[in-house]
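Here's a quick walk through one model, from its overall division down to a few individual residues. Have the viewer open as you read.

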Amino acid sequence: MDDLGVSMHKFCEELFPICRSITGDGVRKTLSMVRQHLPGLKIHEVPTGTECFDWVVPREWNIRDAYIIDPAGRKIVDFQKSNLHVLGYSIPVDKQVSLKELQEHLYSLPDQPSAIPYSTSYYKERWGFCISHQQRSSLSEGTYHVRIDSDLAPGSLTYGELILPGLEKKEIFLSTYTCHPSLANDNLSGPVVTTFLAKWLMGLKDRRYTYRIIFIPETIGAIIYLSRNMAAMKENIIAGFNLTCMGDDRAYAYLPSIQGDTLADKVARHVLKHAQPDHLTYTFLDRGSDERQYCSPGIDLPVCSIMRTAYGRFPEYHTSLDDLDLVTSSGLWGGYESHRRCLECLERNEVLKAAVLCEPQLSRRNMAQTVSSKTGLDRGRRDSINLMMYCDGRRSLLEVADLINVPLWELFPVIDNLKKTGLLSGREGL
Ligand code: ZN
């Protein structure tokens with residue numbers, strides 16, 4: 001583990017208390033905190049009512065306070081203690097209700113009685129409270145005072161975009177979402193790991209590809225972004241990743257693009273095969289995030305996901321139990337490092353060709369093992385010979401690394417050496 005894991009966890013802690021939704025000031029505050037790390041982040045506002053493909057940008061939701069006072073005058077549910085207590089997008093309410101009426105507006109999880117569920121009602125007007133089932137079971141008959149101090153009014157939807165230009169116009173796309181309130185694995189791990197990957201990319205000398213990095217609300221944000229940028233994205237993006245659920249310590253998982261064999265899929269599988277051989281592999285039927293938009297017919301972008309424990313696959317998912325204990329420094333670092341490896345492999349992926357016909361005479365170049373032995377070649381020499389054998393001017397280095405079953409990142413010094421000695425040559429775009 002790296003100090004970066006600790007820094008990422010700290011950033012999660014800073015962002016955790018903010019009440020985010022698909023619109024509103026919580027998103028703006030979150031993006032302004034991301035911008036402190038990424039000064040080039042551009043913040044866009046899309047007005048309510050804007051049409052994007054089959055959708056319309058909803059009204060903007062903001063909330064200041066919410067509570068329930070019980071018949072004895074005690075504040076038993078308090079938004080200030082947990083922003084999960086309010087059904088996301090609740091319309092304002094301030095009235096006295098019977099227990100029977102209150103029950104119609106309560107959401108709880110009988111199977112997880114201590115957890116507060118995370119629920120939303122973006123596209124149908126409702127008000128509601130999410131509480132633990134334990135608490136719900138203890139409510140007695142009487143009159144309750146419910147108050148939600150919120151606004152649902154014309155405004156705008158906010159998203160962040162960072163373009164990091166590279167030597168080439170071809171792009172690598174990173175997408176993450178910023179629409180969940182105080183929830184850690186799904187969802188703060190996504191924007192936090194993406195922020196730190198962007199910082200790493202900003203420091204990369206001679207960055208080859210252009211990077212398109214977006215922080216959007218899930219679903220509606222991806223649809224809006226595509227409706228505005230589809231042509232450039234289709235023309236330029238060679239690989240993309242939807243970054244979500246990267247903070248716990250329990251598993252690694254890969255969810256393919258719908259095509260399953262894009263460059264993004266190939267590099268994700270290569271990295272996970274060598275770095276996390278026990279990882280889980282899902283199919284596109286298990287999809288649940290913005291790959292639903294990026295891979296839809298007519299959009300067809302090469303976007304897959306590398307996750308730790310995926311959405312819907314951990315018991316704490318979308319409840320108050322998905323907190324900063326579930327997400328750890330080492331969990332975040334694992335999510336970060338898996339993606340960083342993919343980006344590093346993509347940056348260095350090229351088509352090379354052996355520069356001599358037949359095997360080169362290594363002894364002339366001081367590269368030979370001068371005493372032959374029964375056990376054969378040592379690892380470095382074996383990798384060199386294999387590289388030269390498979391680099392035929394047609395296969396990419398990623399394909400060669402797969403064929404010779406060595407992690408591409410372990411071949412970087414070997415490739416550098418063979419290029420220096422003139423035995424491998426010819427960089428071409430992919
Ligand atoms: Zn979610």
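Predicted model: local features only at pLDDT ≥ 70, side-chain atom pairs only at ≥ 80, totals over all residues.

Searching the whole structure for cavities of 30 Å³ or more turns up one. The largest cavity has a volume of about 70 Å³. It is lined by 14 residues, and the closest to its centre are Arg20, Val86, Gly88, Tyr118 and Pro181. Sorted by class, the lining of the largest cavity comes out as eight nonpolar, five polar and one charged residues.

Next, some backbone geometry. As a rule, most residues other than glycine have a negative phi. Against that background, have a look at threonine 219 and cysteine 245. Threonine 219 is not a glycine, yet its phi is positive, at about 60 degrees. Cysteine 245, also not a glycine, has a positive phi of about 50 degrees. Here's how the two line up:

| Residue | Phi | Loop | Relative accessible area |
|---|---|---|---|
| Threonine 219 | about 60 degrees | between β12 (210-216) and α6 (220-236) | 15% |
| Cysteine 245 | about 50 degrees | between β13 and β14 | 0% |

Is threonine 219 buried or exposed? With a relative accessible area of 15%, threonine 219 is buried, because the cut-off for that label is under 20%. Cysteine 245, at 0%, is buried as well.

That brings us to threonine 244, which is found in the loop between β13 (237-243) and β14 (253-255). Threonine 244 has a relative accessible area of 1%, so it counts as buried. Which residues does threonine 244 touch, leaving aside those up to four places away in sequence? The list is Tyr177, Asp186, Ser189, Gly190, Ser289, Ile306, Met307 and Tyr311. With tyrosine 177 there's also a polar contact, side chain to side chain, at 2.6 Å from threonine 244.

Conventions: Residues numbered from 1 in each chain as written. Heavy atoms only, no water. Helix = DSSP H or I, 4+ residues; strand = E, 2+ residues; numbered from the N terminus. Buried < 20%, exposed > 50% of the residue type's maximum accessible area, 1.4 Å probe, protein only. Polar contact = N/O pair within 3.5 Å; in protein donor to acceptor, adjacent residues only side chain to side chain. Contact = heavy atoms within 4.5 Å. 1 Å grid on protein atoms, 1.4 Å probe; cavity = no way out; pocket = protein on both sides within 12 Å on 5 of 7 lines; lining within 4 Å. Points joined across faces, edges and corners; volume = space filled by probe spheres on them. Nonpolar A, V, L, I, M, F, W, Y, C, P; charged D, E, K, R; others polar.
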